[in-house]
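Visitor: I am new to this structure. Please take one part of it and go through that part closely.

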Amino acid sequence: MPASSPSSDTVLTDATRRVERKLGFFAHLGIYLLVNAGLITLNLLQTHMQAHQPFWVAGPLLGWGIGLLFHGLKVFMRLPPAWKQRMIEQELKNHRQ
């Protein structure tokens, strides 16, 4: 069995980390959908039983939805590697001054 080089270990580690982040996002999405389906059902049942009841579930849907959006952006949106390297170089330059 050939020995793996450090670069292939790094690639495997990075790929594993990206997959774990994606799975974490999908778990977050599933929980969001499940919990909010229950909240919507509860809100609709209360509204049906009591006239003129406000649609209070909009707050949790919107608040949690914004958090889910940013989680998805963090997981699926990646800056090109060159941008990241330029930003690192700029920070190092600023730090030296």
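Guide: Start with Asn 36, which touches Pro 60, Leu 61 and Trp 64, leaving out residues up to four places away in sequence. The model is a predicted one. Asn 36 is found in helix 1, which runs over 6–49. With a relative accessibility of 3%, Asn 36 falls under the 20% cut-off, so Asn 36 counts as buried.

Leu 68 belongs to helix 2, the run 58–76. Leu 68 also counts as buried, because its relative accessibility is 9%, and buried means under 20%. Once neighbours within four places in sequence are set aside, the contacts of Leu 68 are Phe 25, His 28, Leu 29 and Tyr 32.

Now turn to the largest pocket, which holds about 570 Å³ of space. Its lining is made up of 16 residues. Helix 1, helix 2 and helix 3 (81–96) each give at least two residues to that lining. Sorted by class, the lining has 8 charged, 7 nonpolar and 1 polar residues. Nearest the centre of the largest pocket lie Arg 18, Arg 21, Arg 78, Leu 79 and Lys 84.

Methods:
Residues are numbered from 1 along each chain as its sequence is written. This is a predicted model: local features need pLDDT of at least 70, side-chain atom pairs count only at pLDDT 80 or more; totals for chains, interfaces and linings use all residues. Side-chain values use heavy atoms; hydrogens and water are left out. On a 1 Å grid over the protein atoms alone, a cavity is a set of points where a 1.4 Å probe fits but cannot get out, and a pocket is an open set with protein on both sides within 12 Å along at least five of seven lines; lining residues have an atom within 4 Å of a point. Grid points are joined across faces, edges and corners, and a volume is the space filled by probe spheres set on the points. Helices (H or I, at least four residues) and strands (E, at least two) are DSSP runs, numbered from the N terminus. Ala, Val, Leu, Ile, Met, Phe, Trp, Tyr, Cys and Pro count as nonpolar, Asp, Glu, Lys and Arg as charged, and the others, Gly among them, as polar. Buried means under 20% relative accessible area, exposed over 50%, partly exposed in between (1.4 Å probe, protein chains only). Contact means heavy atoms within 4.5 Å.
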